[in-house]
Amino acid sequence: MQKSTLVKLFATAFVAVLVASPASAADTIKIGVAGPHTGDLAPYGIPTKEAAEMVVAEVNAKGGINGKQIELMIVDDQCKPEIATNVATKLVSESVNIVIGHVCSGATKAAMGIYKGAKLIAISPSATNPPLTKSGEYPNFYRTIAADDDQAMLAASFATDKLKAKKVAIIHDKGDYGKGFADFSKVAIETGGKAKVVMYEGIQPGALDYSAVVQKLRSEGADTLIFGGYHPEASKILSLLNKKKIKIAFIGPDGIKGDGFLKIAGKDAEGVYATGPKDVAKLPLNIKAHDEYKAKYKKEPGTFFDQGYAAMLAALNAIKVAGGTDYDALGKALKSSSVETTVGKIKFDTKGDAEGVGFSVYQVKNGAFAEVK
Amino acid sequence: MDFEYLFELLCSGVVKGSIYALIALGYTMVYGIIQLINFAHGEVYMIGAFVAFIVTGVLTLSGHSGLTVLLLAALAAVIYAAAYGYTLEKIAYRPLRNAPRLSPLISAIGASIFLMNFVQLVQTPDFLPFPELISDFDFMEPISRYLSSVDLIILIVTTVTMIALTVLIKYTRTGKAMRATQQDMIMARLSGINVDRVISATFIIGSVLAAIAGVLIASRTGQINSAIGFTAGLKAFTAAVLGGIGNIPGAVLGGLVLGIAETLGAGYISSAYEDVFAFGLLVLILTLRPSGLLGKAVKQKV
Amino acid sequence: MAHFKRSLGIGLWFMFLTLPLMVVRVNTISREVEWRWYNLAWAGLCAFVIAWFWQFSIERRTARRAQVAANPHPAVEKLSLVQRLADDPVLSRRLLAVAAVVAIIFPWLVSTGQNFYHVNVMVSALIFVVLGLGLNITVGLAGLLDLGYIAFFAVGAYTYALLSKNFDLGFWTCLPLGGLMSMLFGVILGFPILRLRGDYLAIVTLGFASITKIVLENWDTLFGGAAGIANIPRPEFFGMALDSRQKSVYTYYIVLALVAVTIFVTNRLKNSRAGRAWMALREDEIASVAMGVDMARTKLSAYALGAFWAGLVGVVFAAHNNFINPDSFTFMDSAMILAMVVLGGMGSILGVIIAALALKLLPEYLRAFAEYRMLVFGAVMVLMMIFRPQGLINNMRRKYEYDTAQGGKDNGGN
Amino acid sequence: MAATKGEKLLEVSGLSMDFGGLRAIDNIGFELFAGEIVALIGPNGAGKTTVFNCITGIYEPTMGDVTIHPPGGTCRRINGMKPNSITSLGMARTFQNIRLFPAMTVLENVMIGRHCRTGSTIIDAILSSRRSRREEKETVDKSYRLLQKVGLADVADEFSRNLSYGAQRRLEIARALATDPFLLLLDEPAAGMNPQETHELDELIVRIRAEEQVAILLIEHDMKLVMNISDRIYVMEYGKEIAQGTPREIKENPKVIEAYLGEEVHA
């Protein structure tokens with residue numbers, strides 16, 4: 001082996017890596033889609049990706065926006081902050097015009113710092129962490145889902161006012177999302193003063209057994225359980241409650257309001273309350289999107305599909321209204337122009353939360369979620 | 001002091017401990033014979049549960065129900081877990097029998113990661129609902145707040161398995177061969193024992209136990225996914241070490257101690273720190289008794 | 001023919017093994033069973049081909065071992081290309097120089113205008129290079145299987161995050177503090193557990209890592225819980241304001257310097273009194289103590305030093321990402337770093353660097369591969385142990401210089 | 001390290017070791033004087049290696065005393081001490097089933113022996129301090145000289161796993177000598193060697209005694225070697241000491257002949 005050959009080899013390989021990045025074309029609008037597409041959180045990211053692809057296919061077929069075709073840059077952040085910063089720089093480097101994502105609040109926070117510096121707007125379908133909008137630190141952040149504290153407030157008032165709860169137990173999965181919901185519920189109940197929080201506990205997600213926490217629930221004599229977390233843990237707890245014949249009202253966040261929960265919890269799900277985005281299943285646009293999805297993928301769309309679809313529509317509408325992809329103009333358009341989406345007619349408030357997106361309480365009746373009026 | 005609450009917690013702790021014990025037996029047997037932490041044992045447990053899930057799904061959807069489904073699903077789980085355990089040993093461990101100690105351990109971690117992701121890819125990363133294969137017994141009704149029907153079966157199965165295993169190892173030919181191999185592999189081989197076959201048998205027995213545990217636990221928790229093996233395996237292994245690895249009553253004792261400690265810790269302190277209690281206990285016991293509760297201090301041959 | 005038959009058998013066996021998992025998929029919502037028979041054909045075919053190769057490889061391996069056993073002084077050991085490169089001092093020095101130059105001009109090669117993605121990716125990769133080299137001290141040199149290495153990384157990252165948030169300490173002050181904090185953590189943990197046997201140590205370190213993560217998650221008043229800590233300042237550059245791109249480039253040089261220092265230190269240590277004692281302990285504990293090596297102290301030093309690097313680079317990690325939460329410190333990350341050390345060749349510096357870069361950069365640039373990444377990792381870890389336990393690059397032992405003549409004269413004794 | 005001839009170096013009395021209720025060695029006592037080569041013989045399983053392990057700190061004896069009298073030092077009871085501390089006091093050993101460091105070179109194996117005689121720290125190594133450079137050089141030189149002594153200098157840079165059996169045994173001796181012992185414990189140094197190698201070993205041991213001024217305690221099955229080089233012999237059977245004396249006395253001891261029934265004592 002000649003050393004010169006080797007050096008050449010190295011150099012070629014090196015150059016190959018450099019030119020591997022696709023050249024950017026100015027005549028398309030580039031939209032980044034970021035979320036977990038591999039790994040165990042992929043089920044929360046893939047529906048948004050699929051929604052974005054469906055919207056783009058439709059719009060491009062009709063000739064695009066402002067005469068330009070739309071190009072998606074799909075990046076996988078696995079919900080990990082450190083990967084999120086990398087993919088965020090990738091999107092910035094590829095000079096995308098707007099980002100749909102990220103999906104997890106942690107990854108979103110990590111990425112927002114980079115978008116902020118690059119003056120890039122991100123619309124998340126699912127990052128519900130309140131400070132993202134309410135702290136004012138991220139003026140370029142928007143979301144098509146309501147924040148956790150609104151949801152928690154609703155859950156708390158439902159428990160105390162409708163269910164007349166006196167002793168509330170709160171359990172969470174220690175995650176960003178679940179604990180956030182639990183914390184806000186706790187504050188809301190304590191400030192409301194109508195009920196007492198008799199128990200506040202975190203559980204280890206994925207653990208084999210939650211008997212101890214369920215027994216504690218009984219020994220504290222709680223009449224209502226507010227649960228912050230996702231459906232696997234919720235259904236494990238419900239199954240134990242039933243096995244141990246504990247009668248208690250169960251209220252969960254939108255993380256359990258889905259087919260995944262109904263499927264896993266089975267008959268244990270009956271009677272469970274869950275807060276969730278306002279019922280949008282009857283909206284014509286929503287029906288259309290779902291039908292198309294079912295025709296294409298032969299299954300029901302997954303979590304955050306509606307929100308992802310809506311985020312995409314909102315983004316495209318803003319680009320159309322702004323007549324381009326200028327940062328300030330886009331921001332103005334998002335805040336001023338209402339658009340019909342899969343989650344209703346929305347526009348964004350000054351902080352970036354969607355107006356017109358709200359929560360309702362649902363209850364499982366005969367194996368399906370029905371809105372509690 | 002609320003004694004009823006304490007009693008409830010103890011019951012749960014014992015059930016949880018039995019679950020750990022059932023999986024821990026497989027770890028302990030393998031370790032006893034070839035001094036290897038079979039990291040992929042938890043994955044065999046997971047595969048057992050998945051096979052049971054698939055068989056139940058197919059059978060239920062084609063209109064069968066009841067005991068037939070349970071038996072067929074359990075049988076399939078047991079057969080497949082045994083087959084996976086056997087293959088795993090042949091591929092990932094046997095070529096490394098005389099390698100430095102770290103090599104098979106790393107190979108085991110690799111096998112564990114591989115199997116977990118394999119199932120995730122060919123099946124799903126989602127949680128799947130595991131059907132309730134064991135229906136509630138009426139006679140359990142009065143004490144259901146302490147012990148459910150599945151719990152009872154878990155307790156019975158663990159007890160029976162432990163006794164059967166002890167008998168097997170004490171009195172049968174295979175058992176004697178196992179003990180001989182455990183003592184001294186080279187001498188066992190010289191005295192005409194087919195060591196390879198003994199090791200395969202150990203993996204098969206361990207895997208069968210894991211599959212039984214998989215089916216029972218999945219029907220208790222009502223859900224499975226590709227990651228359950230790792231979590232359960234980790235705890236079960238902790239239990240095995242706690243009780244003194246290589247020691248069969250030790251695995252059961254370790255499981256019980258771990259289960260009770262976790263449940264009491266969760267019940268009286270905070271369930272958020274459950275794993276801290278478990279691993280804290282492990283460190284504490286290993287510091288005081290480096291060979292575990294029932295483990296004999298092994299003098300290394302010099 | 002025998003090979004063919006065996007491979008056929010193995011193919012069939014794997015078709016049986018994968019039958020339920022790969023063929024049947026039960027959809028519980030639509031209550032349908034999906035039969036994917038084509039997968040079975042694939043599984044059988046792949047198993048057949050792999051079994052074929054496997055048998056040849058195992059035979060070759062056995063033959064090679066037999067050859068080594070028969071002829072213990074091979075005149076020329078067959079070495080791979082990389083190996084020969086690594087051995088040739090002139091060539092490797094030149095290559096090193098080229099690599100160093102490329103590394104230094106890298107940011108200017110790849111980042112133009114807004115485009116600093118490659119720099120950012122490289123920073124993440126280099127962070128893992130340092131982690132790999134740090135774990136290499138613990139696992140590769142001293143043979144202590146640490147499955148919770150990521151915990152030390154977390155200690156470093158949180159040290160910086162908390163000190164900068166609460167006490168306004170700068171990056172450069174925190175860099176050594178993070179390392180020292182990690183090291184302290186390592187010493188405290190190492191004290192009770194290092195006398196445990198190798199495999200017990202593995203499980204206990206794993207346990208410690210999960211405890212660390214749980215504490216980070218639960219103690220939210222101090223550590224921010226699962227929500228993490230946001231807005232961690234980036235490294236400051238003599239008080240000058242830098243834009244995102246400049247900051248990335250600056251961080252790149254910091255972590256590059258860190259890599260250089262790590263290489264330098266590891267290299268010095270490898271051929272020192274301490275390094276030899278680590279390796280001796282790795283090879284045979286009883287023989288080492290019988291030769292006068294203090295086991296507790298030697299192990300502790302390796303463990304703590306490994307922890308030190310993780311803490312150091314944890315600070316860089318926190319500064320680079322501006323945001324940390326416990327999700328970045330899972331068992332899978334520990335396993336990934338371990339894989340780097342194993343694949344690179346335990347104890348080999350060059351090997352670990354190549355493996356770390358490969359494991360971090362390949363998935364980044366080959367997105368399609370991402371889904372299969374962990375699957376391939378697992379398989380490669382097993383295969384590596386069986387067919388190339390020494391890793392990509394053998395850990396070359398230094399040839400010491402000694403004065404043969406002097407020894408000859410002095411043959412009479414001392 | 002020089003000891004005057006005849007000075008007592010090691011004294012073992014009432015040494016017993018139990019393994020889970022089984023008494024492996026029972027009430028063993030012997031002593032060893034400077035300049036001596038003493039052999040410990042007995043049938044397989046007699047407990048000879050266990051005696052070694054108790055003396056060198058690998059096991060902590062159940063009962064009894066092991067006392068050493070380092071030349072020029074104070075006498076110390078060493079049971080219960082850690083093996084590395086005992087080695088630093090001046091006793092080094094080899095192993096029955098060779099325990100080298102296979103992935104280290106021959107020279108490095110010997111250099112490990114110098115560990116307890118050097119003291120440069122990690123910091124020294126990183127900064128390449130004067131102390132560390134000096135010690136490194138001394139270590140290399142001394143180790144190389146020892147390799148020359150045992151005839152392995154030409155394979156100094158080979159991996160130790162590539163050496164032949166006999167060479168590995170000699171390397172173990174060199175490694176033990178590198179710790180500057182006043183007492184060398186050899187556990188079956190001739191096992192697995194051919195007659196030619198055994199003969200060379202015979203000479204090597206005698207030469208080492210002379211040149212390095214160490215006393216040697218030896219476990220060996222090769223009776224020819226034992227009878228040739230030992231000054232005194234202790235015989236063990238089933239964990240008990242059954243005889244002691246000069247080679248001539250041992251050869252004629254009826255108890256020993258009985259213990260070795262069928263084996264070649266008169267070789």
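Author: What follows goes from conventions to chain A, then to chains B, C and D. This is a predicted model, in which local features need pLDDT of at least 70 and side-chain atom pairs count only at pLDDT 80 or more, while totals for chains, interfaces and linings use all residues. Residues are numbered from 1 along each chain as its sequence is written, and chains are lettered from A and ligands numbered from 1 in the order in which they are written.

Reader: What is the secondary structure of chain A?

Author: Helices (H or I, at least four residues) and strands (E, at least two) are DSSP runs, numbered from the N terminus. Chain A has 13 helices and 15 strands. Its radius of gyration is 23 Å, close to the 21 Å that the globule rule gives for 373 residues, so chain A is as compact as a globular protein of that length. That radius is taken over C-alpha atoms, and the globule rule is 2.2 Å times the number of residues to the power 0.38. The C-alpha trace of chain A spans about 75 × 55 × 40 Å along its principal axes.

Reader: How many of the residues in chain A are buried?

Author: A residue is buried if 20 or more other C-beta atoms lie within 10 Å of its own, exposed if 12 or fewer, and partly exposed in between, with C-beta atoms placed from the backbone. In chain A, 59% of the 373 residues are buried.

Reader: Which residues of helix α13 of chain A are buried?

Author: An α-helix has 3.6 residues a turn, so residues three or four places apart point the same way. In α13 (residues 327–336) of chain A, the buried residues include A:L330, A:A333 and A:L334. They are on the same side of α13(A), because they cover an arc of only 100 degrees around the axis. The arc is that of the directions from the helix axis to the C-beta atoms. Exposed residues A:D328 and A:S336 sit on the face turned away from the buried side of α13(A). Among the elements that cover the buried residues are α12 (305–322) and β12 (344–348) of chain A.

Reader: Which strand is joined to β6 of chain A?

Author: Two strands pair if DSSP finds at least two bridges between them. Strand β6(A) is joined by six bridges to strand β7 (residues 196–202) of chain A, and the two run parallel. One of the partners is A:Y200 in β7(A), which bridges to A:I170. Five of the six residues of β6(A) (residues 167–172) are buried, so this strand is largely enclosed by the rest of the structure.

Reader: What are the domains of chain A?

Author: Domain bounds come from an automatic or database domain assignment. For chain A that assignment gives domain 1 (3–145 + 282–358) and domain 2 (148–253). Their C-alpha centres lie 33 Å apart. The contact between them takes five residues from domain 1 and five residues from domain 2. Chain C is also divided, into domain 1 (2–64) and domain 2 (82–387), and 37 Å separate the centres of these two domains, taken over C-alpha atoms.

Reader: Which chains share the most contacts?

Author: Two residues are in contact if their C-beta atoms, placed from the backbone, lie within 7 Å. Of the five pairs of chains in contact, chains B and C share the most contacts. That contact takes 50 residues from chain B and 42 residues from chain C. On the side of chain B that touches chain C, α4(B) gives the most, with 15 residues. Chain A and chain D do not touch, and their nearest C-alpha atoms are 26 Å apart.

Reader: In what order do the six strands of the open sheet in chain D run?

Author: The order is β6-β7-β8-β3-β9-β10, and the pairing is mixed. The edge strands are β6 (91–93) and β10 (240–245) of chain D, each pairing on one side only. From one strand to the next, the twist averages 20 degrees.

Reader: How are the residues of β3(D) placed?

Author: D:I37, D:A39 and D:I41 point one way from β3(D), D:V38 and D:L40 point the other way, and all are buried. Four bridges join β3(D) to β8(D), and these strands run parallel. Four bridges also join β3(D) (residues 37–41) to β9(D) (residues 232–237), again parallel. D:I37 has its bridge partner D:I216 in β8(D), and D:L40 has D:Y234 in β9(D).

Definitions and conventions. Axes fitted to C-alpha atoms, helices over the stretch in contact; angles between N-to-C directions.
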